[in-house]
Number of protein chains: 2
Amino acid sequence: MTKAVLIQYAKMVSIAFAFNFTAMNTSAQTAVRYLSAKDSDPIKMGWMQGFPPSKDKLITVADGTAFQFPQIRWSVVNVQQLLPTAEVSRGLSAPSTLPYQLDKFIDKITFMPWGEKELMTWEASLWKNYTDGMLILHKGKIVYERYFGALTESKIHLVMSLTKSFTGTLASILVSEALLDENKLVSEYVPELKQSAFADATLRQVMDMTTALQFSEDYADANAEIWAFSAAGNPLPKPANYKGAEGYYAYLQTIKKQGQHGEAFGYKTVNADVLGWIISRVTNKSITTLLSEKIWSKLGMEQSAYYQVDALGTPFAGGGLNAGLRDLARFGELVRNKGKWNGQQIIPQQAIIDIEKAGNKEAFAKSGHPQLKGWSYRNMWWMTENNHHAFTARGVYGQTIYIDPTAQMVIVRLASHPIAANSANDAYSLPAYEAVANYLLNKK
Amino acid sequence: MTKAVLIQYAKMVSIAFAFNFTAMNTSAQTAVRYLSAKDSDPIKMGWMQGFPPSKDKLITVADGTAFQFPQIRWSVVNVQQLLPTAEVSRGLSAPSTLPYQLDKFIDKITFMPWGEKELMTWEASLWKNYTDGMLILHKGKIVYERYFGALTESKIHLVMSLTKSFTGTLASILVSEALLDENKLVSEYVPELKQSAFADATLRQVMDMTTALQFSEDYADANAEIWAFSAAGNPLPKPANYKGAEGYYAYLQTIKKQGQHGEAFGYKTVNADVLGWIISRVTNKSITTLLSEKIWSKLGMEQSAYYQVDALGTPFAGGGLNAGLRDLARFGELVRNKGKWNGQQIIPQQAIIDIEKAGNKEAFAKSGHPQLKGWSYRNMWWMTENNHHAFTARGVYGQTIYIDPTAQMVIVRLASHPIAANSANDAYSLPAYEAVANYLLNKK
C-alpha cells in the first residue's frame with residue numbers, strides 16, 4: 001500500500017492528540033482565518049441534523065474530516081457515534097452532589113493576555129478559545145459553569161491528551177501501593193518491549209517523559225512516526241495490503257531510541273501508552289476497568305466515561321478518554337484534596353503527594369516549550385511551578401484540568417479550538433486562570 | 001465488487017437480527033453439536049483477555065466472526081467496543097429502586113417442554129437456552145434475578161429484534177398523541193419512499209408488519225436482500241467499488257413490493273426501520289433522543305442504553321438496541337402498568353391499550369410460524385393470545401420481554417443461543433414462562 005493510503009487511513013482517527021511546540025508552526029496556522037466560535041457553533045452549523053443529514057451536513061470518519069475544524073466541534077462530543085469505544089462504568093449508585101455557589105462577577109474579571117496590550121474579560125476569553133464547557137470549583141463548590149456548542153451537562157467530550165494525566169495518576173497510585181517500582185526497567189514489566197527504545201528506560205523516565213525516542217509527531221511530514229502509530233491504533237478494518245503494526249501494543253515495540261534516556265523532557269504520546277500497558281500487565285485489568293474501580297465508581301460520577309480503543313480492544317491511554325465536565329471537576333477536586341472525597345481517602349494520599357513533588361525543571365527547559373517557562377512535568381501532569389504551585393492536565397484544542405492548591409480552585413475547560421497546539425490558546429487561558437485564582441483567594 | 005466481498009463486508013455487523021421460520025432450517029442447524037452453555041461461557045473461554053489478547057482469543061468485526069457462536073456470547077455484551085454506537089441517555093438523576101422479594105422456589109418449578117416427554121426445571125431451562133440474564137418481576141418486585149457468562153448487573157446486552165417493540169411503542173405513543181395517524185400512507189410522512197414498496201402502505205400496516213415486501217432474510221441465499229441491507233447499514237468504511245445504498249434510509253427506498261399489503265403478516269425487519277424513519281421525520285428527533293426523553297430518563301434507569309448506528313448516525317430501529325437487564329424490566333413494568341410508573345402516568349395509557357388490543361390472527365396464521373399457533377402481532381409486539389393475554393417483545397438468540405397481565409408478571413431474558421431463530425428455544429421458554437406465571441398467580 002502507498003504512503004498516501006496509509007495517511008488517509010490514519011487520518012480517520014487522527015485527532016492531533018499530541019503536540020510538539022517546535023515542530024508545529026502555529027504562527028503559520030494562525031494566519032489562516034478560521035470561523036469564529038459563534039460562527040462555528042456545531043448546532044448552528046447543523047452538523048448531522050436531519051433524517052438523513054444532507055451531504056454537506058454529514059460527518060463520517062471514512063473521509064478523514066471528522067476531526068478537522070469546524071467538524072471537530074461536533075465530533076468531540078460524539079466520538080461514540082464515530083468509533084468503537086470502551087466504557088468506564090460509573091457503577092449504579094446515585095450521583096454525588098456538587099454544591100453550587102455561583103459567582104456572577106467572574107465573567108467580568110479581567111486579565112492581560114500574554115503578548116497583548118489590552119485587558120480581556122474572562123467571558124471574552126471563553127469565546128476566544130472556542131470553549132465547549134467551563135467549570136470552576138472553589139473550595140469544592142461550583143462558582144462558575146457554562147456550556148457551549150454541542151456540549152450539554154448530560155454529554156461527554158473527548159479530552160485528548162488530558163487522558164495522560166489519568167494514566168499517570170493510576171500509575172502513581174500503583175507506585176504508592178508498591179505494585180509498581182519507579183526504578184525498575186520497562187522491559188522487566190513488559191518483556192515484549194525488549195527490542196524497543198523502552199527496553200532500558202525506567203518506569204520513572206516513562207512517567208516523566210524523559211525517554212529518548214525516535215518518534216515525530218510532525219503532521220506535515222509524511223514520514224513522521226505518528227502516521228504509523230495512528231494507523232496501528234485505528235480500530236476500523238485495515239486497508240488491503242496494510243503491512244504495519246496491528247494495534248497500539250504492537251506499534252510500541254517498533255519504536256527506536258534516539259539519544260539517552262533521562263536527560264531531557266520529550267513530550268511523546270507513546271510514553272502514556274507504554275505506561276498504560278505496564279499498568280494493565282501488573283494489574284491484569286484494562287485501563288477502563290481500573291479507572292472505573294479506583295475512581296469512576298467511587299466519586300458518584302454522573303456519567304460513565306469511555307475510551308477510544310484499537311481493534312484489539314486496547315484503550316488509547318495517550319489520548320482516548322471522553323468524560324463529562326462535572327465529572328472531570330470531581331476528579332480534579334479529588335486530586336486537590338490529595339485523594340480524599342467527602343472526607344474519605346479514596347486513593348492514597350502519597351499518590352498525589354508524589355505528583356505535587358514536581359519534576360525536573362532543567363530537563364523540561366530543554367524541551368522547547370518557550371511559553372511555559374520554568375514549568376516541569378511529573379507523573380504525566382504539567383507543573384506550572386508558579387507561586388500557587390498550580391498544576392494541570394492538558395490536551396490539544398484546549399482541554400484542561402487546572403488545579404490551584406493555594407486558591408483551593410479547580411478549573412475544567414473543554415474546547416474545540418481550530419488549532420491543536422495549546423500554544424495557540426495558552427496566552428488567553430493561563431493568565432486568565434491566574435486572575436480567577438487571585439480573585440477567589442482574596443474573596444471574603 | 002464481487003458478491004463475496006459484499007457478503008464478507010455485511011457479515012461484519014450481521015447479527016441475524018431477523019428471522020424467518022420458513023426460510024431457516026432449524027432442524028438442520030440443531031443437528032450440529034454446539035458447545036454447551038457452561039462450556040461456551042465467554043469468561044471461561046477467555047475471549048479478549050490478556051494484554052494484548054492472544055490471536056485465538058481475539059474478537060474483531062473485521063473477520064466477520066464477532067457475531068458467530070461461540071464468540072457472540074462475548075460480543076452481545078460488548079457491542080460498543082466493536083462498533084460505533086449512539087447513546088440513549090439515562091439522564092443524571094438517581095436510579096429508581098426495584099424492590100426485592102426473591103423466591104427461591106422458582107428454580108424448582110417444572111414444566112413440560114413442547115414435544116418432549118420429561119419435565120424440566122426452570123433452572124435447567126436457563127442452561128438449555130444459553131441464558132445470559134434472567135429477571136422476573138411479580139407485582140413490581142424482583143422475585144428472581146440471575147446473570148451468566150459475560151453479563152453482569154452493570155453491563156448492557158444487545159437485544160436484537162426486541163428493539164422493534166421499542167420502536168412500535170414509540171409509534172403507539174405518537175399515535176395516542178395524534179402526531180401520527182395510523183391510516184395515513186407511509187409516503188405522506190416520508191416522500192423519499194414514494195418509489196418503494198412502502199409508498200402505498202399505511203402506517204398501521206407497517207406497525208403490524210402486514211406489508212408485502214420482496215425482502216428475503218435467508219442467510220443461506222447469496223442473493224437475499226438481507227446482505228444488501230446489512231452492507232448499507234454497516235457503519236464501517238465501505239469497501240472499494242461498493243455500489244450499494246449508503247445507510248439504512250437509502251436502502252429502504254430500494255425495496256420492491258411483492259403481493260398486496262394488509263393481507264398477511266410478514267416478519268421483515270425493514271418495517272421497523274421505516275417506522276423509525278417516520279418517527280424521526282415527524283418529531284425531528286432521532287430514536288435515541290426520543291427514547292431517552294420519553295422513557296429512559298423518566299424511569300430512573302440505572303444505565304444509559306445505546307444503539308448500533310449506520311455511517312450517517314441512523315440508529316438501527318429494527319435491531320440495534322443494547323440495554324441492561326433491570327432497565328428492560330423497568331420498561332416491561334411500565335408497559336404492564338399501562339404507562340404508569342410509581343403512580344405517575346409517564347406515557348399515554350392509550351398507547352399501551354392500543355398494543356393490547358391484539359392484532360389480526362388470520363393475517364398472522366398465514367405467516368408460517370407453526371409453533372406460535374393462534375398468536376398475533378400488533379405495534380411490533382407479539383401477542384400470545386393465551387388465556388392470560390400475555391404479550392412479548394422478542395429478539396433472536398432468545399432476547400425476551402414477556403408480560404403476563406393476569407399474573408402481574410414481567411420476565412426479561414437476555415441470551416446468546418447458538419441458533420438465531422427463536423424456534424430453537426421457544427419449546428424450553430414459552431411453557432416455562434407459563435408455568436412460572438401460574439405459580440405466581442396462585443401464590444398466597
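**Exercise 1. Which residue is the bridge partner of A:Ala86 in S9(A)?**

Before you start, remember that you're looking at a predicted model.

*Step 1.* Find strand S1 of chain A, residues 85–88. This strand pairs with strand S9 (residues 305–308) of chain A in the antiparallel sense, over 4 bridges.

*Step 2.* Now look across from A:Ala86 into S9(A): the bridge partner there is A:Tyr307.

*Step 3.* Check where the side chains go. A:Ala86 and A:Val88 point one way from S1(A), while A:Thr85 and A:Glu87 point the other way. All four of these residues are buried.

**Exercise 2. Work out the strand order of the open sheet in chain B, and explain which strands stand at its edges.**

*Step 1.* Trace the 4 strands: their order is S1-S9-S10-S6, with antiparallel pairing. If you wonder what holds such partners together, strands of a sheet pair through backbone hydrogen bonds.

*Step 2.* Pick out the ends. S1 and S6 (157–158) of chain B each have a single partner strand, so one side of each is left without a neighbour in the sheet.

*Step 3.* Strands S9 (residues 305–308) and S10 (residues 321–323) of chain B are joined by 2 bridges, and B:Tyr307 has B:Leu321 as its bridge partner in S10(B).

*Step 4.* H12 (residues 287–296) of chain B lies across S1 and S9 of that chain, at about 20 degrees to S1(B).

**Exercise 3. Describe how chains A and B are related and how they touch.**

*Step 1.* Rotate chain B by 180 degrees, with 0.0 Å of shift along the axis, and it superposes on chain A with an RMSD of 0.0 Å. That's the relation of a two-fold axis. The same surface serves both copies, as 100% of the contact residues of chain B recur in chain A.

*Step 2.* Now for the contact itself: 36 residues of chain B are in contact with 36 residues of chain A. Helix H4 (79–82), strand S1 (85–88) and helix H11 (270–283) of chain B each supply at least two residues to chain B's side.

*Step 3.* Sort that side by class, and you get 20 nonpolar, 12 polar and 4 charged residues.

Definitions and conventions
Residues are numbered from 1 along each chain as its sequence is written. Chains are lettered from A and ligands numbered from 1 in the order in which they are written. This is a predicted model: local features need pLDDT of at least 70, side-chain atom pairs count only at pLDDT 80 or more; totals for chains, interfaces and linings use all residues. Copies are superposed by least squares on the C-alpha atoms of residues with pLDDT of at least 70 in both. Two residues are in contact if their C-beta atoms, placed from the backbone, lie within 7 Å. Ala, Val, Leu, Ile, Met, Phe, Trp, Tyr, Cys and Pro count as nonpolar, Asp, Glu, Lys and Arg as charged, and the others, Gly among them, as polar. Two strands pair if DSSP finds at least two bridges between them. Axes are lines fitted to C-alpha atoms, for helices over the stretch in contact, and angles run from 0 to 180 degrees between N-to-C directions. A residue is buried if 20 or more other C-beta atoms lie within 10 Å of its own, exposed if 12 or fewer, and partly exposed in between; C-beta atoms are placed from the backbone.
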